[in-house]
Amino acid sequence: MVNSSEDEESCSKPLGRVSVVYYGVGHMLNDITSACWFTYLLVFLTDIGLSPRDAAIVMLSGQVADGFTTIFAGELIDRFGHFKIWHGAGSVLVTISFSSVFGGCLPCRIFGTNSSAMQTVGYSIFAAIFNVGWAATQVSHMSMVNCITLNHTSRVVLASCRNAFTMVANLSLYAVALAVFNIYKPRTRVDIENQYRWIAYISIFIGCFFVGIFLFGTREPRLKRGTQGKISHRISWTHWFKKILYYQVALVYVLTRLVTNVSQALLAFYVIHDLQMVQSSKALVPAIIYICSFVVSVILQEIRWTGQRLKAFFTAGGVLWIFSGAGILVLPSSMHGFMYLLSVTIGVANALMTVTGVSMQSILVGEDLNGCAFVYGSLSFLDKMSCGLALYVLESYQSSSSSLLGCPPFIGCLSITRYGLGLIPASCALLGSVITYTMDLHTPILKPLMEPLLT
């Protein structure tokens with residue numbers, strides 16, 4: 001009983017910077033492969049000859065596998081714990097399968113055919129395996145936050161640090177991609193495959209390095225046995241379904257992920273086909289977005305958080321995205337330089353919405369630690385399914401790139417990409433801001449909220 005009280009007291013104190021950083025780097029492999037997945041998968045598959053619809057099927061297969069895995073992983077983690085084992089096992093799957101997603105169609109080589117159907121099936125299989133590992137790593141890493149500390153402010157710091165290293169991962173990817181696109185000029189399909197294969201291999205190496213740091217520096221959370229010195233019972237799923245805040249947080253989180261993922265997936269098509277920018281812009285424009293997001297995420301770590309501030313900062317991010325979406329809709333190819341300015345506002349908006357949206361989940365969970373993995377898993381399920389379906393629908397109606405090359409220089413091309421990138425994130429940001437306004441976010445008025453975020 002005394003030891004439990006001491007654990008509770010020690011875990012109520014603000015976390016040190018080193019502990020926060022060790023945790024923050026744990027999602028780097030997932031983040032850098034996810035950035036490559038959403039930014040370049042559809043471009044890669046269409047460049048090697050798949051139709052936009054078939055490319056969308058490959059992505060949808062991965063998203064569906066990811067979505068269902070989050071549910072099962074969340075349930076099993078709530079039952080048995082062992083966050084780090086799940087994290088390590090998922091990382092191994094990601095490492096093995098991701099290189100095959102961009103490494104050519106293995107079943108095509110085995111069966112000796114390069115038919116469109118076989119390519120779609122082959123890439124879909126490895127996309128699904130990759131996302132199973134990705135989901136196991138994500139759920140274990142996200143659900144650790146509430147079991148590492150009881151300090152509400154430190155929980156926001158952990159989410160903010162995680163988001164900051166997400167930006168580092170994305171910047172690392174785009175730096176690698178920028179170098180590869182400038183050095184390696186593809187002329188054939190094999191050259192295109194080799195180009196993206198190098199990007200994938202280097203990304204995996206960077207991600208695995210940081211996963212090793214996380215596993216070495218982060219201890220298995222001690223709070224799984226509950227607080228107040230008592231053994232806590234496992235929380236039923238129905239406990240969360242009775243809370244209005246669960247549905248509100250779920251909607252806000254899903255809408256936030258739609259904003260970031262849909263914009264990331266369509267951005268490369270938009271800058272190349274609609275704005276007719278140079279190939280290196282596929283890496284440079286996203287890099288600017290993530291530099292701005294990284295800076296904002298670091299600044300957010302030094303704010304003393306309350307429920308009202310979370311709502312205010314989320315709404316500010318939503319408003320910025322609405323203005324950005326309007327700019328994307330009307331921007332003509334002759335003024336494509338303004339895309340760099342829009343990239344700054346998008347980066348700031350993404351950071352504000354992501355950090356506060358994820359932090360709302362911690363307020364929802366509170367001290368109900370034995371059900372936290374289900375919360376993160378179920379919300380991630382909704383996120384994956386909605387993003388996968390949204391991108392499938394958009395790509396199903398996508399025009400071929402050649403049809404956009406004659407676009408008038410002084411007006412915007414009326415393409416699915418432009419409408420998708422301009423309207424969907426902005427609409428989701430508006431709806432998310434409205435839902436956030438209706439939330440009743442209670443953060444306990446305790447000493448932790450009056451202390452600095454990092455000691």
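Select V393 first. This residue lies in helix α16 (residues 372-396). Helices here are DSSP runs of H or I with at least four residues, strands are E runs of at least two, and both are numbered from the N terminus. V393 counts as partly exposed because its relative accessibility is 46%. The cut-offs are under 20% relative accessible area for buried, over 50% for exposed, and partly exposed in between, with a 1.4 Å probe and protein chains only.

I57 and V393 are 336 residues apart in sequence, yet 9.9 Å apart in space, C-alpha to C-alpha.

A word on the model. It is predicted, so local features need pLDDT of at least 70 and side-chain atom pairs count only at pLDDT 80 or more, while totals for chains, interfaces and linings use all residues. Residues are numbered from 1 along each chain as its sequence is written, and side-chain values use heavy atoms, with hydrogens and water left out.

Zoom out to the whole protein. There are 17 helices and zero strands. Of the 455 residues, 61% are buried. Among contacts with a separation of 6 or more, 86% join residues 24 or more positions apart. Contact means heavy atoms within 4.5 Å.

Next, select residues 338-365, helix α15. Its 28 residues reach 42 Å from first C-alpha to last, close to the 40 Å expected at 1.5 Å a residue. The expected span is 1.5 Å times one less than the number of residues. Helix α15 is mostly covered, with 22 of its 28 residues buried.

Move to helix α2 (residues 17-24) and helix α9 (residues 152-183). Their axes come within 8 Å and cross at roughly 50 degrees. Therefore α2 is oblique to α9. Axes are lines fitted to C-alpha atoms, for helices over the stretch in contact, and angles run from 0 to 180 degrees between N-to-C directions. Under 35 degrees counts as roughly parallel, over 145 as roughly antiparallel, 65 to 115 as roughly perpendicular, and the rest as oblique.

Show side chains at this crossing. From α2 come V20, V21, Y23 and G24; from α9 come V157, L158, C161, R162 and F165. They divide into seven nonpolar, one polar and one charged.

Last stop: helix α5 (residues 83-101) and helix α7 (residues 116-143). Their axes are 7 Å apart, at an angle of about 155 degrees. So α5 is roughly antiparallel to α7. Their contact has 14 nonpolar, ten polar and no charged residues. Ala, Val, Leu, Ile, Met, Phe, Trp, Tyr, Cys and Pro count as nonpolar, Asp, Glu, Lys and Arg as charged, and the others, Gly among them, as polar.
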